[in-house]
Amino acid sequence: MPTNPSTTPTLVRFYDPAIQAPDPSGRTVSSILALPDTDLEHRHDYIQLLFPLPEPSPYHPTAPVIDRATFAAFRSRPDLRSRLLTSLTRMLHFYGLDLPARSQRPPARDDDDDDDDPRPEIVRGANFARASRNWVRRFDHNHLRITRIVRCLRVLGLEGHAAALFRALGSVYDGGRAGIGAKSMMFWTRAAERPLYLAPEDERDEGRGKDFLYEYEASRQAGANGDGDGGDGAREGNGQGGEGAGGKDGAA
């Protein structure tokens, strides 16, 4: 698919299999995914590129964020979503989880509602006992990364895979018996279930979400209601209470 580098968003060029643009450090998607687990654990400036968000990262403030054009590109192009699935598969292995082959393809449509697509599943991998030591604990920086991954998948059109990851996390969490803190589970739940315009770290909707995400949620709501009038329903206060959290707690 021909693209104009001068107008194509940075994240699209980074993920486009025909362009494979490097990041400012000269890394491509493929080179990042080829890093050993020790590097994935100790480096902190790649996760924002592999799994971008609409919100800037407090840890990597210069990392590109999802804008309207990036949102539209991923939701209209299966090749971009397929590359995002490749990133997901690598990070799942890092966490001791596995995406079975039948789930390793992007949905036919961006909303994962196509009845012809089997529901994606994420299961524990053969390396779970070893890999889970990196993150199955009360506090860990990987919990922030996981929040980011769940939200990114939803925003960029892999909502079924986000839901599958959330189910897998719930199984690992096991009602808190695994030792993961309740606050981490709260953020994972927010990332998986809130309207897309409401970031996990926000306590309530104060109108700070991206306009294209409000518009998307309004469109979904209108479709669910069987009419074409999304109105301002998506902007009505939709905050969820819970433990206080700053931006640094929600996503890496």
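Visitor: Before we look around, what is a cavity?

Guide: Happy to start there! Picture a 1.4 Å probe placed among the protein atoms alone: a cavity is a set of grid points where the probe fits but cannot get out. Please keep in mind that the model above is predicted.

Visitor: How many cavities of 30 Å³ or more does a search of the whole structure find, and what volume has the largest?

Guide: The search covers the whole structure and turns up two cavities of 30 Å³ or more. For the largest cavity, the volume is about 50 Å³.

Visitor: Which element gives the largest share of the lining of the largest cavity?

Guide: The lining includes Leu88, Met91, Leu92, Trp135, Ile146 and Leu169. Helix H6 (78-94), helix H8 (141-155) and helix H9 (159-173) each give two or more residues to this lining. The largest share is three residues, and that share comes from H6.

Visitor: By class, how many nonpolar, polar and charged residues are in the lining of the second largest cavity?

Guide: For background, the lining of the largest cavity has ten nonpolar residues, with no polar and no charged ones. Around the second largest cavity we find Gln48, Glu55, His60 and Arg148, among others. By class, that lining has six nonpolar, three polar and two charged residues.

Visitor: What span should the 17 residues of H6 have at 1.5 Å a residue?

Guide: The expected span is 1.5 Å times one less than the number of residues. The end C-alpha atoms of H6 are 24 Å apart, and this agrees with the expectation. So the span that its 17 residues should have is 24 Å.

Visitor: Which residue just after H6 takes a positive phi?

Guide: Several residues of H6 are buried, including Leu80, Leu84, Leu88 and Phe94. Just after this helix comes a residue with a positive phi of about 85°. Its name is Gly96.

Visitor: Is Arg75 buried or exposed?

Guide: You can find Arg75 in helix H5 (residues 68-76). Its side chain is joined to that of Tyr216 by a polar contact of 3.1 Å. Buried means under 20% relative accessible area. Because Arg75 has 8% relative accessibility, Arg75 counts as buried.

Visitor: How many Å apart in space are Arg75 and Val155?

Guide: Along the sequence, 80 residues separate Arg75 and Val155. In space, going from C-alpha to C-alpha, the distance between Arg75 and Val155 is 8.7 Å.

Visitor: Which residue meets Glu55 in a salt bridge?

Guide: Side chains of opposite charge can pair when their charged atoms come close. The partner of Glu55 is 96 residues away in helix H8, while Glu55 sits in the loop between helix H4 (47-50) and H5. The bridge is 2.6 Å, N to O, and the partner is Arg151.

Visitor: Why is H9 largely enclosed by the rest of the structure?

Guide: H9 has 15 residues and reaches 21 Å from its first C-alpha to its last, close to the expected 21 Å. Among its buried residues are Glu159, His161, Leu165, Phe166 and Tyr173. H9 is largely enclosed because, of its 15 residues, the number buried is eleven.

Visitor: Which residue forms a salt bridge with Asp174?

Guide: Asp174 follows H9 and has a positive phi, near 50°. At 37% relative accessibility, Asp174 counts as partly exposed. The closest N and O atoms of the bridge are 3.1 Å apart, and the residue paired with Asp174 is Arg177.

Visitor: What links Asp202, Arg204, Glu206 and Arg208?

Guide: The count for this model comes to 18 salt bridges. Asp202, Arg204, Glu206 and Arg208 are linked in a network of salt bridges.

Note on methods. Residues are numbered from 1 along each chain as its sequence is written. This is a predicted model: local features need pLDDT of at least 70, side-chain atom pairs count only at pLDDT 80 or more; totals for chains, interfaces and linings use all residues. Side-chain values use heavy atoms; hydrogens and water are left out. On a 1 Å grid over the protein atoms alone, a cavity is a set of points where a 1.4 Å probe fits but cannot get out, and a pocket is an open set with protein on both sides within 12 Å along at least five of seven lines; lining residues have an atom within 4 Å of a point. Grid points are joined across faces, edges and corners, and a volume is the space filled by probe spheres set on the points. Helices (H or I, at least four residues) and strands (E, at least two) are DSSP runs, numbered from the N terminus. Ala, Val, Leu, Ile, Met, Phe, Trp, Tyr, Cys and Pro count as nonpolar, Asp, Glu, Lys and Arg as charged, and the others, Gly among them, as polar. Buried means under 20% relative accessible area, exposed over 50%, partly exposed in between (1.4 Å probe, protein chains only). A polar contact is a pair of N or O atoms within 3.5 Å; within protein, one must be able to donate a hydrogen and the other to accept it, and residues adjacent in sequence count only if both atoms are side-chain atoms. A salt bridge is a side-chain nitrogen of Lys or Arg within 4 Å of a carboxyl oxygen of Asp or Glu.
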